[in-house]
Amino acid sequence: MSLDIKKRYNKILYTLKHKKAFLKVEKELRGKNTLRGYFHDIDKPFMYMALWLKVEDVSKIHRQNSYHHLESNLDKTKDDLIDMIIDWECARLTKPDKPLNAYQTLMKYYPEYQKEFIPLIQELLPKQIKEAKLTPRQY
């Protein structure tokens, strides 16, 4: 088994960059940073340091056990859904392969959850929905 120390280190740096973007977007959308924001994805750097875990498994484990991911079967609160929206929105700030905004991410990857998310996106990011209605596109 390869320890992939350099890969793990880069994943930790990337996660910290993502956390910084999450806090920035959270402050814009919620008007403040919350304890939830400070703890967002905090498990991932520790899992990357756990040499007995495969690097490829860390994201899967995180997604299955985090309230802010639809892949988990955990009951979601309104705050969990808002965390997902913030996560989607900040992904384009740190992930060149994910240039979509929160509304576009919902429509492309999770359209079956429109009922839950459209009202929140309308509340937090109304401009995204207005723009989508003006310029409909395939995501």
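A crossing is right-handed if the near helix is turned clockwise from the far one by less than a right angle. All views show a predicted model.

**View 1. Crossing of α5 and α7.** The crossing of α5 and α7 is right-handed. Their axes come within 10 Å and cross at roughly 70°. Helix α5 is therefore roughly perpendicular to α7, as angles of 65 to 115 degrees count as such.

**View 2. Residues where α5 meets α7.** From α5, the contact takes in Lys78, Leu81, Ile82, Met84, Ile85 and Trp88. Facing them in α7 are Glu116, Phe117, Leu120, Ile121, Glu123 and Leu124. By class, nine of the contact residues are nonpolar and three are charged. None is polar.

**View 3. The largest nonpolar core.** This core has 23 residues. Ile85, Trp88, Phe117, Ile121 and Leu125 have the most contacts inside it. Five helices each supply at least two of its residues: α1 (5-30), α5 (78-94), α6 (102-109), α7 (114-124) and α8 (126-134). Helix α5 gives the largest share, seven residues.

**View 4. Surroundings of Trp88.** Neighbours within four places in sequence are left aside here. Trp88 is then in contact with Leu70, Leu100, Ala102, Thr105, Leu106, Tyr110 and Phe117. Trp88 and Phe117 are both among the residues with the most contacts inside the largest nonpolar core.

Definitions and conventions: Residues numbered from 1 in each chain as written. Predicted model: local features only at pLDDT ≥ 70, side-chain atom pairs only at ≥ 80, totals over all residues. Heavy atoms only, no water. Core = buried A, V, L, I, M, F, W, Y, C linked by side-chain atoms within 4.5 Å. Buried < 20%, exposed > 50% of the residue type's maximum accessible area, 1.4 Å probe, protein only. Helix = DSSP H or I, 4+ residues; strand = E, 2+ residues; numbered from the N terminus. Contact = heavy atoms within 4.5 Å. Axes fitted to C-alpha atoms, helices over the stretch in contact; angles between N-to-C directions. Parallel < 35°, antiparallel > 145°, perpendicular 65-115°, else oblique. Nonpolar A, V, L, I, M, F, W, Y, C, P; charged D, E, K, R; others polar.
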